[in-house]
Amino acid sequence: MTVAPRRSGFWLACLAVGAGVGAVAARWTQADLPAPKTIIKSPQDLSSAFRMVSETAIPAIVAIETKTKARVIEQDAGNEDQADPLQNSPFGDDPIFREFFGQGRGHGQGGRRRFQIPGQQGAGSGFVIDASGVVVTNAHVVDGADEVLVRLADGTEIKADKWVGDSVTDVAIIMLKPPKPLTAVSFGDSDAMQIGDWVLALGNPFDLGTTVTAGIISATDRKGLDINGREHFLQTDAAINPGNSGGALVNMNGEVIGINTAISTRSGGYDGVGFAIPSNQAQQIVEKLRKDGTVHRSFIGVTLDDLQPAVKRALGISAGVAVMEVLPNAPAAKAGVEPGDIIVQFAGQPVKNRPSLQEFVELLESGQSYPAEILRDGKTIKLDITLEQRSSADYTQSSPPNESPEKQPEVSKLGFTAKTLSPEIANELGVPGLRGVVIVQVKPDSVTAQSGIQSGDVITKVGQTKVESLEAFQKAVDETKLGDGILLQVRRGNSTKLILLQSE
């Protein structure tokens, strides 16, 4: 049982006196405060500012449409270690869908299952940064696409010449060959943005066309969201919806200070919290993609852990990270780093935490030696660590190589053109050292097209036979009857698939 407290006259009097004192204090405090600066004299001033920024940025905003062809893959039935190829499909839990596209279509020897993954279409946004035809977007917008179509603000549609993305930061560029110079926007300084600054978000939500929404920067340096591998997001309440991915977040100077990337939502739409990749981070990745077609990242070769504040106080240090494991034959091992060491400084910079050291090291030059200050057993020692380059195959996404099909030998039996995979093309595809046959072009409606094989795929085996040249591949195919099914081992990016070519 709850008893309501009684209000005595004494307490009411105290409240009245307190309110009077508060009112006096408030008047006294306000009288001493400086008059606020008048930034915007009228709502029309803010409206004019939004209008001018929109007029500057809109011509550089593009809509992006992607297409992915249908594909067929083979898996061993009952192998629980293999990922379900339908798990990412929006209809993956539908038993009728799985019966038609999945196990219900399964056949083959040894309990193999044949999965037909239907083709898909996607939409996103982007913005032009170079009048010659360079568009920036999110890597997830173009990931896995067989075709990318860019629609300019004036309605002109241009088929992308090529594209390349970095999955770690979710930044990608698309290269176009426009009939005339395009209108471009410039990157601004994202580090200068502060909470409360006005911003506009531009993009193509729900494939409606170019749309502008307004809001403020509601937080900076947001981390721990598990959206991508290197998180320093700007948070905004400017409306960001599906289809806005890859669009521009601009400041009141019309400069891009972020790439619209993700939303925090319970409904699937705008709930007031959106995230953008800061321009200063994105610009570094864009420059590397334009220059090298990938992002070369350096590494030390250690597993690190952040130090608790109490541990730092006990050690008498203000910054540093602990080395938990040293990888064999890695740069750190060669330099003499040991588990239990605490890295206090690297390349003259204090080490704040694990993510900051990782990102700092990644962008340093591979093959160069950098000084490290390490705390070991209470003593400070200095080591020189020569960085090495991490393979880019794990995080580079690129379009299929653009070759002239009429110059390539054709495997007429299967309906595609191909060539022996050269070291140069292997590097371009992000699979250095791989041997095989690269698909240059697939004829529509051929048995190969129906199987889901696409340009840029690398065939490494026919049945159990390794094929390292077009001649070897042609010979292996000629010795196999298509009616019996030709089992191919196909490499696409970092994944290897078994695909069965079989005439109906």
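**Rings and strands**

Author: Five aromatic pairs are counted here, where rings of Phe, Tyr and Trp (its six-membered ring) pair if their centres lie within 6.5 Å, with planes under 30 degrees apart stacked, over 60 edge-to-face and the rest tilted. This is a predicted model, where local features need pLDDT of at least 70, side-chain atom pairs count only at pLDDT 80 or more, and totals for chains, interfaces and linings use all residues. Residues are numbered from 1 along each chain as its sequence is written, and side-chain values use heavy atoms, leaving out hydrogens and water.

Reader: Why is the pair of F127 and F187 edge-to-face?

Author: A pair of aromatic rings is described by the distance of the centres and the angle of the planes. For F127 and F187 the centres are 6.1 Å apart and the planes lie at 80 degrees, so the pair is edge-to-face. F127 is buried (under 20% relative accessible area; exposed is over 50%, partly exposed in between, with a 1.4 Å probe and protein chains only), at 0%. F187 is buried too, at 17%.

Reader: And what about F233 and F275?

Author: That aromatic pair is tilted, with 6.0 Å centre to centre and 55 degrees between the planes. Both F233 and F275 are buried.

Reader: How many bridges join strand 12 to strand 15?

Author: Strands of a sheet pair through backbone hydrogen bonds, either parallel or antiparallel. Strands 12 and 15 run antiparallel, joined by three bridges; strands (E, at least two residues) are DSSP runs numbered from the N terminus, and two of them pair if DSSP finds at least two bridges between them. L234 has A276 in strand 15 as its bridge partner.

Definitions and conventions:
Helix = DSSP H or I, 4+ residues; strand = E, 2+ residues; numbered from the N terminus.
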